[in-house]
Amino acid sequence: MRLAHLHLPHTTPFARVSAIQQALATRFLEHKRLASQASQASLNAHSSSSTAEKTLPPPPDPTIITFTPNPVYTTGRRDLPPSNTSPLDRDPFNLSLPPPLEPIRALLTPSGANPPRAEYHPTLRGGQTTYHGPGQMVAYTVLDLKRLNLTPRCHIRVLENSVIDVLKSYGVKGFTTEDPGVWVADDANAAQSGLPKKITAVGVHLRRNISSFGIGLNVTEEPMWFLRQIVACGLEGREATSLEGVGVTGVGVDEVASNFVSTFVRRVNQDFAGKNGLGERIEEVYPVQEEDLIK
């Protein structure tokens with residue numbers, strides 16, 4: 001199996017990445033539909049194979065999109081507002097916002113001659129409200145979990161463990177707790193609160209075992225101001241941090257993106273492919289351009 005990696009090196013509108021992700025997921029789902037029809041045709045013909053199965057194109061390659069969006073607050077299914085219509089199609093002065101974002105409505109709507117400081121997008125991923133923007137590496141996976149022999153829980157664990165591996169490569173110990181995401185101990189803050197800080201948010205969506213969305217790893221301190229304006233992920237009293245915030249300086253988002261993709265592949269192959277599992281092994285990662293995925 002080959003894995004495609006789309007890396008968008010510049011700050012990108014969130015809607016643009018959402019459109020790419022949706023196009024990919026639709027392609028996966030269409031292949032599943034055709035495969036199901038071919039399988040049914042084979043059963044009806046009382047044959048081990050049918051013409052439909054022989055002419056079925058190969059499945060799409062699993063894909064990881066890594067990017068940094070313009071400042072954007074996104075909500076998951078638990079925080080969706082009364083109207084799930086994209087705010088891009090609505091009057092920007094009358095956004096239908098979930099309760100967690102009402103206190104910062106002024107950041108999301110125009111003020112006189114000043115544009116909004118951040119966008120707002122409802123999504124179908126799991127979880128609640130969070131922020132993505134400059135200084136953060138976001139990675140979305142579009143995968144058929146069945147081919148990789150991943151259960152939904154294992155998929156989350158692979159994402160989390162891949163982040164933990166990335167952090168370890170920079171000398172930072174990351175870990176999971178009963179709360180979602182990946183956390184780190186902030187030694188400077190431990191004496192005051194004793195609480196870990198969140199360095200990575202995790203939220204995914206599955207439809208017929210096709211994944212979308214993924215993780216957001218804070219690389220620099222740039223996202224911190226925006227995160228402090230909300231109760232991120234509904235976790236009252238919990239703070240966020242970044243690689244820079246725990247002392248790792250001089251690291252760019254592009255480097256972290258490449259590191260994450262490598263560790264994700266290693267984790268999948270180590271834990272779920274070959275001798276250790278029944279999933280297909282990822283033999284190669286190849287770069288793709290946006291036009292390759294949406295043609």
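Start by selecting helices α4 and α7: their axes come within 8 Å and cross at roughly 125°. Axes here are lines fitted to C-alpha atoms, for helices over the stretch in contact, and angles run from 0 to 180 degrees between N-to-C directions. Helices (H or I, at least four residues) and strands (E, at least two) are DSSP runs, numbered from the N terminus.

Before going on, note that this is a predicted model, in which local features need pLDDT of at least 70 and side-chain atom pairs count only at pLDDT 80 or more, while totals for chains, interfaces and linings use all residues. Residues are numbered from 1 along each chain as its sequence is written, and side-chain values use heavy atoms, with hydrogens and water left out.

**Stop 1: the α4 and α7 pair**

Two packed helices are described by the angle between their axes and the distance between the axes. The angle makes α4 and α7 oblique to each other; angles under 35 degrees count as roughly parallel, over 145 as roughly antiparallel, 65 to 115 as roughly perpendicular and the rest as oblique. α4 passes α7 in a right-handed crossing, a crossing being right-handed if the near helix is turned clockwise from the far one by less than a right angle, and left-handed if anticlockwise.

Now show the side chains in contact (heavy atoms within 4.5 Å). On the α4 side, pick C154, V158, L159, N161, S162, V163, D165, V166 and S169; they meet V256, N259, F260, T263, F264, R267, V268 and F272 in α7. The residues of this contact divide into 10 nonpolar, five polar and two charged. In that count, Ala, Val, Leu, Ile, Met, Phe, Trp, Tyr, Cys and Pro are nonpolar, Asp, Glu, Lys and Arg are charged, and the others, Gly among them, are polar.

**Stop 2: along α4**

Which residues of α4 are buried? Colour H155, I156, V158, L159, E160, N161, S162, V163, I164, D165, V166 and L167. Buried means under 20% relative accessible area, exposed over 50%, and partly exposed in between (1.4 Å probe, protein chains only). Besides α7 (253–272), the buried residues of α4 pack against β6 (136–142), β7 (174–175), β8 (182–184), β9 (197–207) and β10 (210–218). After α4 comes G171, whose phi is positive, near 80°.

**Stop 3: the loop between β9 and β10**

Move on to R208, in the loop between β9 and β10. Its phi is near 55°, a positive value in a residue other than glycine, and R208 is partly exposed at 47% relative accessibility. N209 is in the loop between β9 and β10 too. Phi of N209 is also positive, near 70°, and N209 is partly exposed at 25%.

**Stop 4**

Jump to H31 in helix α1 (residues 14–44). Is H31 buried or exposed? With a relative accessible area of 14%, H31 is buried. Leaving aside residues up to four places away in sequence, H31 touches L56, P57, P58, P59 and P60.

Then return to α7 and find S258, partly exposed at 41% relative accessibility.

**Last stop: the whole protein**

Zoom out to see eight helices and 11 strands. Of the 295 residues, 50% are buried.
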